[in-house]
Amino acid sequence: MNILAKANAKKLLRGLFIDKPGKIDLYAIAGCENIFIEEKALESCEGQFVFKSGMGIISVDAELAESGQKRFTIAHELGHYFNSGKKENSFFCSGLDIRGIKQNLYAEVAANDFAAELLMPEEWFSTFTKGKKYSKFILADAAQYFNTSLSAAALRYAEIGSYPVAIIMCRDGAVKWSRINKYFPFKFIRTGSKVSSSSYAYEFFKGEKISNDPEKILADAWFWEDFNYKKDYFLYEQNIPMYRYNSVLTILWEE
Ligand SMILES: [Zn+2]
């Protein structure tokens with residue numbers, strides 16, 4: 001997590017005396033900064049931000065189906081504004097960047113880190129998830145409680161939650177990146193490796209519609225190269241498909 005981006009979000013929340021998720025009004029925050037928010041059809045990006053002569057416009061793709069995803073996108077664009085020191089600038093952000101599928105551009109990753117801390121502040125998220133075992137319900141509950149996208153809540157859970165989980169982003173049938181928290185029994189997934197045909201995520205790349213529900217799976221489907229590899233060891237696999245990007249975010253946890 002980008003420490004400066006996180007500090008920027010924390011400072012903003014503190015400065016506005018915001019003390020619970022329901023009070024985070026992104027339209028009001030933007031309004032205070034002379035930034036107007038609009039929804040419109042965007043062709044090659046999901047969000048954009050232009051700031052000039054003391055005024056700004058955030059545009060969010062009206063086609064986004066999930067309201068939590070729209071909200072995360074607005075928070076991401078605000079991240080560009082606060083992270084760049086409120087300077088004149090413009091950003092055209094693809095879904096690949098905002099959804100964290102690609103993680104190669106500093107400003108984009110920092111804007112996501114800002115958005116995550118703004119919508120799901122670390123302290124509140126820890127309190128919310130404390131003592132709760134991971135389940136598809138906790139993810140959906142967190143996304144609803146913090147009014148954000150399922151995938152953003154999953155990333156936050158892997159970062160902050162204290163229950164053993166691994167998350168893996170795959171695109172075009174191969175692993176793009178993975179994040180495995182320290183409590184999880186396996187540690188190694190090779191970046192670039194092909195998605196195993198014994199995983200549920202594989203069904204997605206075969207062009208099939210896949211379920212959001214968790215399913216039981218052998219650890220072999222993901223961790224055949226792991227140093228701690230164990231035979232007949234079961235995990236749960238849950239997938240968040242991103243059809244528009246031929247990508248899927250997989251969450252794995254212990255039985
Ligand atoms: Zn961006």
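Modeller: This is a predicted model, in which local features need pLDDT of at least 70, side-chain atom pairs count only at pLDDT 80 or more, and totals for chains, interfaces and linings use all residues. Residues are numbered from 1 along each chain as its sequence is written.

Colleague: In which strand is the place of Ser 59?

Modeller: Strands (E, at least two residues) and helices (H or I, at least four) are DSSP runs, numbered from the N terminus. On that basis, the place of Ser 59 is in strand E3.

Colleague: Is Ser 59 buried or exposed?

Modeller: A residue counts as buried if 20 or more other C-beta atoms, placed from the backbone, lie within 10 Å of its own, as exposed if 12 or fewer do, and as partly exposed in between. Ser 59 has 22 other C-beta atoms within 10 Å and is therefore buried.

Colleague: Which residues does Ser 59 touch, not counting residues up to four places away in sequence?

Modeller: Contact requires C-beta atoms, placed from the backbone, to lie within 7 Å. With residues up to four places away in sequence left out, those touched by Ser 59 are Glu 38, Lys 40, Leu 42, Gly 47 and Gln 48.

Colleague: In what order do the four strands of the open sheet lie?

Modeller: Two strands pair if DSSP finds at least two bridges between them. E2 (residues 47–52) and E3 (residues 55–61) run antiparallel and are joined by six bridges. The pairing in the sheet as a whole is mixed, and the order is E1-E3-E2-E4.

Colleague: Which strands are the edge strands?

Modeller: An edge strand here pairs on one side only. The two are E1 (35–40) and E4 (89–93).

Colleague: How are H7 and H8 oriented to each other?

Modeller: Axes are lines fitted to C-alpha atoms, for helices over the stretch in contact, and angles run from 0 to 180 degrees between N-to-C directions. H7 (residues 136–145) and H8 (residues 150–160) pack at about 110°, with axes 9 Å apart. Angles under 35 degrees count as roughly parallel, over 145 as roughly antiparallel, 65 to 115 as roughly perpendicular and the rest as oblique. H7 and H8 are therefore roughly perpendicular.

Colleague: How many residues of H8 are buried?

Modeller: H8 is mostly covered. Its buried residues include Leu 150, Ala 153, Arg 156 and Tyr 157. Of the eleven residues in H8, the number buried is nine.

Technical notes. Two residues are in contact if their C-beta atoms, placed from the backbone, lie within 7 Å.
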